[in-house]
Amino acid sequence: MEKDMERRQLIMVPGPTNVPDRVMRAMLKPMINHRGPEFKELYVRVLENTRYVFQTKSDVALLTASGTGGVECAISNIVQGANKIVVPICGFFGERLRDNIVAMGGMTVDVPVEWGKAVNVYMIEDIVKKEKDVKAVALVYNETSTGTKINDLRAIGEFCNEHDLLFVVDAISVLGGDDLPVDDWHVDICVAGSQKCLMTPPGLALLSISDKAWSVIEKSTNTFYFNLKSYRKYEKEGQTPYTPAIPLYYALDEALKMIREEGLENAINRHKICAKAVYKAIEGLGLAPFAEEKFRSNTVIAIRYPPSINDSTFRELLRKKYNVVIAGGQGKLKGSIFRIGSMGMITQAEILQVISAVGMAMSDLGHELKLNNGLSAAREVFKEAE
Ligand SMILES: Cc1ncc(COP(=O)(O)O)c(C=O)c1O
């Protein structure tokens, strides 16, 4: 059975996530000319539905790139006009955002945050007051490496708006799975990835771009492939500047239609209920989440290992025996936590399966957990939500 590559695994990593059959099938449509009318029709619809998930009336862009390409695009298009950027670092992806800004020629002012917690608006205010010439704040809304989220995102957006700072948000592991109305919260550039809550295969980055961001982008000269001005120019013709990954556009089109059918608010609510069920189940099992309670993410659940459990042995057993794939820790958390991606096409069925598998694999390895307590705690959350 192990050699049977067709056997479908339950993918519960924080992206890529399980892709609905409807979305997979959409990719089988015939190829089209990306400079022809069929593409134009598809592109206009996908952009419109992308605006829907960002809850924006402003521009959006779709890049044939993974999430990091989207982050690099955002940064490289503003770094000339906004080269002093405040970056809270709450985990591995905050560090990566900082490194990306530095690589693009920007100067960062780091705000170190203890891993497991999140930055708040007062910390941002303090640093902006102390530093001179800050032009932007860039941060990771949902820190995938620690399973935390920034509760003050709206307040930080309002602060940036009042102080004429650009606000750049990496929402790669959360857009579609938690609240993020980018216009209302004054987010100038927001970046998302296709392979997370949007239940599409990896390979597309989605960006929202405010008018305030455009006023800086218009002056930039140091981009080519990720030049947002080119994207805006070609969009007028219903095209992208370079050849897009057409099958992925088909997939995203279908996935966004599904989100519209469900309703964004319902999809977000479903993510919240599933996350709550996982947290309750984890505690029922007798395990401890990594993130401090008030900062816990609604899409990525990070859990501390009991001392007797080895990360790679555990996750290999989970994959081989129970057919469930979860993620380990990153950076300095490697080996000490595991992470469950609770995003995209998730329901009670997937949550109960992953909880059972975690409980059984740990007991196989000699760490007996209260499996029934875990499962009934999760079921209680789903029953309440019915
Ligand atoms: C918050 C965050 N930022 C950036 C990335 C990088 O995205 P990608 O691997 O699609 O380039 C990830 C991927 O997990 C992420 O979770």
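1. Helix H10, in what is a predicted model, has 22 residues and reaches 31 Å from its first C-alpha to its last, a span close to the 32 Å expected at 1.5 Å a residue. The helix is followed by Gly286, whose phi is positive, near 100 degrees.

2. Helix H4 (residues 92-103) can be checked for its length: its 12 residues should span 16 Å at 1.5 Å a residue, and because its end C-alpha atoms are 16 Å apart, the two values agree. Which residues of H4 are buried? They are Phe92, Phe93, Gly94, Leu97, Arg98, Asn100 and Ile101, and these buried residues pack against helix H3 (67-78) and against strands S3 (84-89), S4 (107-112), S5 (136-140), S6 (142-143) and S8 (166-170). Just after H4, Gly105 takes a positive phi of about 95 degrees.

3. The residues around the ligand are Pro14, Gly15, Ser66, Gly67, Thr68, Phe93, Val140, Thr144, Asp170, Ile172, Ser173 and Gly193, so that Phe93, one of the buried residues of H4, is also among the residues around the ligand, according to the assignment used here. By class, this shell has four nonpolar, seven polar and one charged residues.

4. Asp311 counts as partly exposed because it has 15 C-beta neighbours inside 10 Å. Leaving aside its neighbours within four places in sequence, Asp311 is in contact with Tyr305, Gly328, Gly335 and Phe338. Asp311 and Glu41, which are 270 residues apart in sequence, are 47 Å apart in space, C-alpha to C-alpha.

5. Arg51 is found in helix H2 (residues 37-54) and is likewise partly exposed, since 17 other C-beta atoms lie within 10 Å. Not counting residues up to four places away in sequence, Arg51 touches Thr56 and Val60, while its C-alpha atom is separated by 9.5 Å from that of Ala61, which is 10 residues apart from Arg51 along the chain.

6. Turning to the whole protein, the secondary structure comes to 13 helices and 14 strands. The radius of gyration is 21 Å, close to the 21 Å that the globule rule gives for 386 residues, and the protein is therefore as compact as a globular protein of that length. Along the principal axes, the C-alpha trace spans about 60 × 55 × 40 Å. Of the 386 residues, 48% count as buried, and among contacts between residues at least 6 apart in sequence, 73% join residues at least 24 apart.

Note on methods: Residues numbered from 1 in each chain as written. Predicted model: local features only at pLDDT ≥ 70, side-chain atom pairs only at ≥ 80, totals over all residues. Near = placed C-beta within 6 Å. Nonpolar A, V, L, I, M, F, W, Y, C, P; charged D, E, K, R; others polar. Helix = DSSP H or I, 4+ residues; strand = E, 2+ residues; numbered from the N terminus. Expected span 1.5 Å × (residues − 1). Buried ≥ 20, exposed ≤ 12 C-beta atoms within 10 Å, placed from the backbone. Contact = placed C-beta atoms within 7 Å. Rg over C-alpha atoms; globule rule 2.2 N^0.38 Å.
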